[in-house]
Amino acid sequence: MIQQVQTLFSKIGNAWLEMVAPRHCSICEQWFETVPHGVSEFICNRCLDSLTPAPYPDALLNDLIKHFPGDTLSISNAYSRYLVSPSEERSILNAIHKLKYQGFSRLGTEFGREVGKTVEFFSRETYTAIVPVPIHHARFRERGYNQAELIADGISSVLTLPVWKDVIKRSRYTKTQTTFSATKRTQNVQGAFAPYKNSNRLYNANILVVDDVLTTGSTVNTIGQFLLEHGARRIDVATVAKAM
Ligand SMILES: [Zn+2]
C-alpha cells in the first residue's frame with residue numbers, strides 16, 4: 001500500500017515537474033536539456049530553428065481584409081510571431097495545444113514575451129492597454145486559466161502596458177471553431193461578448209487585443225467591433241501564431 005502511494009505521488013510529482021520544468025520538447029516530444037530561459041525551456045533548439053516566422057503585419061492585415069471587406073473590419077493592424085503551415089509536422093500548434101489543454105501555463109507567458117518583442121519591433125502605436133480575448137467562466141473553471149491572459153502578461157512585461165481583464169467578458173459558451181468556415185466562425189461568436197466591470201475605461205483607448213492563434217480573425221474582429229462600440233479609438237491585434 002505504502003509502495004503504491006509512493007508511486008502515485010512520484011507520478012504526480014513527475015507530471016508537475018514536466019509542467020514547470022519540462023524535460024520533453026512541447027513540439028517533438030523528445031527529451032532535451034532545458035535551458036531555464038524563455039521558450040527554450042519548453043521547445044528544443046531543433047524545433048525552435050524549424051519554426052517559420054509569421055508574415056509581416058501588412059500581409060496579415062491584407063489577409064484580414066479578404067475575410068472582412070469594406071467597413072466590417074474593426075482591426076487596424078495585426079502582429080503575430082509564428083506561422084502555422086499545414087504541411088509542417090512539427091508545428092507550433094503542438095505547443096499551443098499544451099498551453100491550452102495540458103496545463104503548460106508558464107509557456108503562455110514565455111510566448112507572450114516573444115509576441116511582445118515582435119510588436120515592439122513593428123508597431124509605432126502607443127497603446128493604452130492590452131485586452132486578452134476572454135474565455136467563458138465555465139471554461140476558465142475547467143482549465144484553471146485563460147491562455148490569452150498569460151500571453152498578455154508576457155507581452156505586458158516587454159511593452160510595460162497594463163492588461164485589462166475586466167472590460168469585456170464572454171457571456172455565451174461558444175463551440176470550438178477549429179473546423180468552421182469564416183462565415184460560420186463569425187456567426188458563432190456574434191453576441192458572445194458583454195461589457196464587464198470596468199468597460200468605461202475603454203473611452204478613447206488604443207487597444208492591443210491578444211489571442212493565441214489568428215485564423216480568419218472572426219473572434220478578434222467581433223471583439224474589436226465591441227470595443228469600438230464601447231468607446232475605444234483603435235484596435236490592433238497580436239497573436240502567438242497565424243494559421244492559414
Ligand atoms: Zn523539439
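A residue is buried if 20 or more other C-beta atoms lie within 10 Å of its own. The legends below use that term for a predicted model.

**View 1. Strand β6 is mostly covered.** Of the 9 residues in β6, 7 are buried. The strand spans residues 206–214. For the protein chain as a whole, 39% of the 244 residues count as buried. Strand β6 has neighbours in β3 and β7: 4 bridges join β3 to β6, and 8 bridges join β6 to β7.

**View 2. Five strands make up an open sheet.** The chain has 9 helices and 7 strands, and 5 strands form this sheet in the order β1-β2-β7-β6-β3. The pairing in the sheet is mixed. Its edge strands are β1 (52–53) and β3, each of which pairs on one side only. Helix α9 packs on the sheet and touches β3, β6 and β7. The direction of α9 makes about 165° with that of β6.

View 3. Val-210 belongs to β6, and Pro-132 stands opposite Val-210. Pro-132 lies within the range of strand β3, residues 129–132, and β3 runs parallel to β6. In β7, the bridge partner of Val-210 is Ala-238. Strand β7 covers residues 234–243 and is parallel to β6.

View 4. Ser-80 stands opposite Thr-239 in β7. In the order of the sheet, β7 sits between β2 and β6. The contacts of the protein chain can be described by separation in sequence: among those between residues at least 6 apart, 75% join residues at least 24 apart.

**View 5. Helices α8 and α9 pack against each other.** Helix α8 is formed by residues 182–189 and helix α9 by residues 218–229. Two packed helices are described by the angle between their axes and the distance between the axes. For α8 and α9 the angle is about 45° and the axes are 9 Å apart. The crossing of α8 past α9 is right-handed. On the α8 side, Ala-182, Arg-185, Thr-186 and Val-189 take part in the contact, and they meet Ser-218, Thr-219 and Thr-222 in α9. By class, this contact has 2 nonpolar, 4 polar and 1 charged residues.

**View 6. Thr-160 has a positive phi in a loop.** Most residues other than glycine have a negative phi. Thr-160 is not a glycine, yet its phi is about 40°. Thr-160 lies in the loop between α7 (147–159) and β4 (168–170). Is Thr-160 buried or exposed? A residue with 12 or fewer C-beta neighbours within 10 Å is exposed; Thr-160 has 8 of them inside 10 Å and so counts as exposed.

**View 7. Asn-204 has a positive phi in another loop.** The phi of Asn-204 is about 65°, although Asn-204 is not a glycine. The loop that holds Asn-204 runs between β5 (193–195) and β6 (206–214). Asn-204 counts as exposed because it has 10 C-beta neighbours inside 10 Å. By contrast, β6 is mostly covered.

Notes
Residues are numbered from 1 along each chain as its sequence is written. This is a predicted model: local features need pLDDT of at least 70, side-chain atom pairs count only at pLDDT 80 or more; totals for chains, interfaces and linings use all residues. Axes are lines fitted to C-alpha atoms, for helices over the stretch in contact, and angles run from 0 to 180 degrees between N-to-C directions. Helices (H or I, at least four residues) and strands (E, at least two) are DSSP runs, numbered from the N terminus. A crossing is left-handed if the near helix is turned anticlockwise from the far one by less than a right angle, and right-handed if clockwise. Two residues are in contact if their C-beta atoms, placed from the backbone, lie within 7 Å. Ala, Val, Leu, Ile, Met, Phe, Trp, Tyr, Cys and Pro count as nonpolar, Asp, Glu, Lys and Arg as charged, and the others, Gly among them, as polar. Two strands pair if DSSP finds at least two bridges between them.
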